[in-house]
Each structure stands twice: as C-alpha cells, then as structure tokens.
Amino acid sequence: MAAIELTGLSTVYPNGVRAVDELDLSIHDGEFFALLGPSGCGKTTLLRTVAGLEQAASGTVALGERDVTRTEAGKRGVAMVFQDYALFPHMTVAQNIAYPLRVRRASKQAQRDAAESTSAGLGLAGLLERRPGQLSGGQQQRVALARAMAMSAEVLLLDEPLSNLDARLRLEARTFLKRLQRDLGLTTVFVTHDQAEALALADRIAVMAEGRIRQLGTPKDVFGRP
Ligand code: ADP
Ligand code: ADP
C-alpha cells in the first residue's frame, strides 16, 4: 500500500492560479522521494496540500488507508519543515521542539522528554536553552527537524530544507538526513530545485512542470545515471 496516494489532485489559489493540476502520484512506505522542478512549478503547493495547509480544489489525498482530503492539518500525522525553518524566535530550542506537543496539551514532562530525546540524536543536546537567533543555519535546520520528529509523524515533508546552508553544511546535512530517514523508516518527501541533491538522496524522483508531473522514476531513470 502507498504511504501517500494523490489522485486527480488540484490546488487553485484564490487569484485563480492552478498551482497543482490534476496530479496523480503514489509514494511508497518508507521511501525517500524528491520533488524536483523550476521555481513556480507547484512543488511547495503540492507539499502544503498534502500537509493540509492548502485545501484541494478537487481530487483526493490519502495517507495509508485514510482519505485525509478534508482532514485538518494537525490531524494528518504529517510533519512539514519549511524552507526558512519557521522557528519561533522568542522561544528556546527546547520550547520550539516541544511546541507541537504543547499545542496538543501534552504534559510538561512529555514536552521535556520529547525535547531531550529528539535533540540528542540531532547534535542539539547542549543547545536546548538557546534561542534560534543564537544558532547557526545548520543548527536551526536541525531544530526544525527535531520539532518535526517530536510530532511522531509517519510522513515528513521537507521544503528545500538545505537551501539556506552553505555548501559544506549542505553536504553534511544531506548525509545526516539520509541516515535519519533510513534509521526511522520515515516516508520522506523532499522538495528541491537542485538535481545533485535529488540524485544524492532520493529513491525516486518526480520532475514537476506547471503543476503536473513530467517525469517519474529512479535517479537512473530520470538522469540516466545512478
Ligand atoms: P514552487 O514551490 O515550485 O516554486 P509554488 O508552489 O510556490 O511553486 O508556486 C506554484 C504557483 O502558484 C506559482 O505560479 C506561484 O506564483 C503560485 N502561488 C504560490 N503561492 C501562492 C499564493 N499564496 N497565492 C497565489 N498564487 C500562489
Ligand atoms: P518557493 O518558490 O520556495 O515556493 P516563493 O518565493 O515562490 O517560494 O514564495 C514565497 C511565499 O510567497 C510563499 O508563502 C508563497 O505561498 C507566496 N506566493 C508565491 N507566489 C505568490 C503569488 N503569486 N501570490 C501570492 N503569494 C504568493
């Protein structure tokens, strides 16, 4: 069974822009899937529609056996990491990580546990009391990932999470993301406009253009090399 099944999915903005256009896509359980394509082709909108941050104009979004097309974002079991990480500047790292649990009114202890357990594996253990402004770009990215992990989501959506890092950090973050995904067996959809990044990370790649999928396959299928 597919982890994410999109059928005839369209997303139309109030100004009439059809950013996702009758798109069909099936993403496997545990897959590391890259969405590639030029700026404006609909990658971010597609992720946001899967996450429930945009409403589908038509078609369906299913996660496993659940049709979540009309399910609100917080109840989909999907975690999204935004391009700019969207951390709360006035909160500490620990508070940022625990935020999804606070929203669900989890106990203080559960919030502390989540912050401690997710941060340890991400090299953030010593930084829990800092604020985002006191962290490097790479560290902020890890906090955003830790926050996504704290949601115990089964599906992780990453919107160009490496684009704000310098070349060296980006390489490190790639290796790190790949390992994380392998260890946790998370289904991960990764948006990028960088071919090399898609090649390095993805089990399969979809190339988008104008709200549709133009090409779909393994890196070898799409680029003619592994
Ligand atoms: P990508 O992530 O591939 O750069 P987007 O999903 O951001 O593409 O954008 C797809 C199309 O939808 C573009 O034409 C963009 O201008 C438009 N778009 C994105 N967000 C909005 C919005 N909030 N309102 C109206 N149009 C939007
Ligand atoms: P990306 O290419 O990474 O998806 P953009 O720079 O295109 O991001 O868009 C940044 C923000 O502006 C997003 O929140 C997007 O929803 C919004 N946006 C993009 N295009 C439009 C548009 N035509 N009208 C209104 N908002 C837009």
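Keep in mind that the model is predicted.

**Stop 1: the whole chain**

Start with everything shown as a cartoon. You are looking at 7 helices and 10 strands. The radius of gyration is 17 Å, close to the 17 Å that the globule rule gives for 226 residues, so the chain is as compact as a globular protein of that length. If you turn the model along its principal axes, the C-alpha atoms fill a box of roughly 45 × 40 × 35 Å.

Now colour by burial, if your viewer can do that. Of the 226 residues, 51% are buried. Contacts also reach across the sequence: among those with a separation of 6 or more, 65% are between residues 24 or more positions apart.

**Stop 2**

Select residues 2-12, which form strand β1, and residues 58-63, which form strand β4. These two run antiparallel and are joined by 5 bridges.

Is T45 buried or exposed? With a relative accessibility of 7%, T45 counts as buried. Leaving aside residues up to four places away in sequence, T45 touches T11, Y13, A19 and V20.

**Stop 2: the sheet of six strands**

Move on to the other sheet in this tour. This open sheet has 6 strands, ordered β6-β7-β8-β3-β9-β10, and the pairing is mixed. At the edges are β6 and β10 (212-217), each of which pairs on one side only.

- Select residues 78-81 for strand β6, which runs parallel to β7 and is joined to it by 4 bridges. The bridge partner of V81 in β7 is L158.
- Select residues 187-192 for strand β8, which pairs with β7 in the parallel sense over 5 bridges. V155 has T187 in β8 as its bridge partner.
- Select residues 204-209 for strand β9, which pairs with β10 in the antiparallel sense over 5 bridges. V207 has Q215 in β10 as its bridge partner.

**Stop 3: inside strand β7**

Zoom in on residues 155-159. How many of the residues of strand β7 are buried? The count is 5 of the 5, so this strand is largely enclosed by the rest of the structure. In a regular strand the side chains alternate between the two faces of the sheet. Show the side chains here: V155, L157 and D159 lie on one side, L156 and L158 on the other, and both faces are covered.

**Stop 5**

Select residues 137-150, helix α4, which lies across β6 and β7 and runs at about 170° to β6. Then select α5, which packs on the sheet and touches β3, β7 and β8. The direction of α5 makes about 135° with that of β3.

**Stop 4: aromatic pairs**

Finish with rings. There are 2 aromatic pairs to find. In one of them, F32 and F190 are tilted, 5.8 Å centre to centre with 55° between the planes. This pair links distant parts of the chain, with F32 in strand β3 (residues 32-36) and F190 in strand β8, 158 residues apart. Both F32 and F190 are buried.

Now select F88 and Y99. Their ring centres are 4.7 Å apart and their planes are at 55°, so this pair is tilted. F88 sits in the loop between β6 and α2 (93-103), while Y99 belongs to helix α2. F88 is partly exposed at 25% relative accessibility, and Y99 is partly exposed with a relative accessible area of 28%.

Notes: Residues are numbered from 1 along each chain as its sequence is written. Chains are lettered from A and ligands numbered from 1 in the order in which they are written. This is a predicted model: local features need pLDDT of at least 70, side-chain atom pairs count only at pLDDT 80 or more; totals for chains, interfaces and linings use all residues. Side-chain values use heavy atoms; hydrogens and water are left out. Two strands pair if DSSP finds at least two bridges between them. Buried means under 20% relative accessible area, exposed over 50%, partly exposed in between (1.4 Å probe, protein chains only). Rings of Phe, Tyr and Trp (its six-membered ring) pair if their centres lie within 6.5 Å; planes under 30 degrees apart count as stacked, over 60 as edge-to-face and the rest as tilted. The radius of gyration is taken over C-alpha atoms; the globule rule is 2.2 Å times the number of residues to the power 0.38. Contact means heavy atoms within 4.5 Å. Axes are lines fitted to C-alpha atoms, for helices over the stretch in contact, and angles run from 0 to 180 degrees between N-to-C directions.
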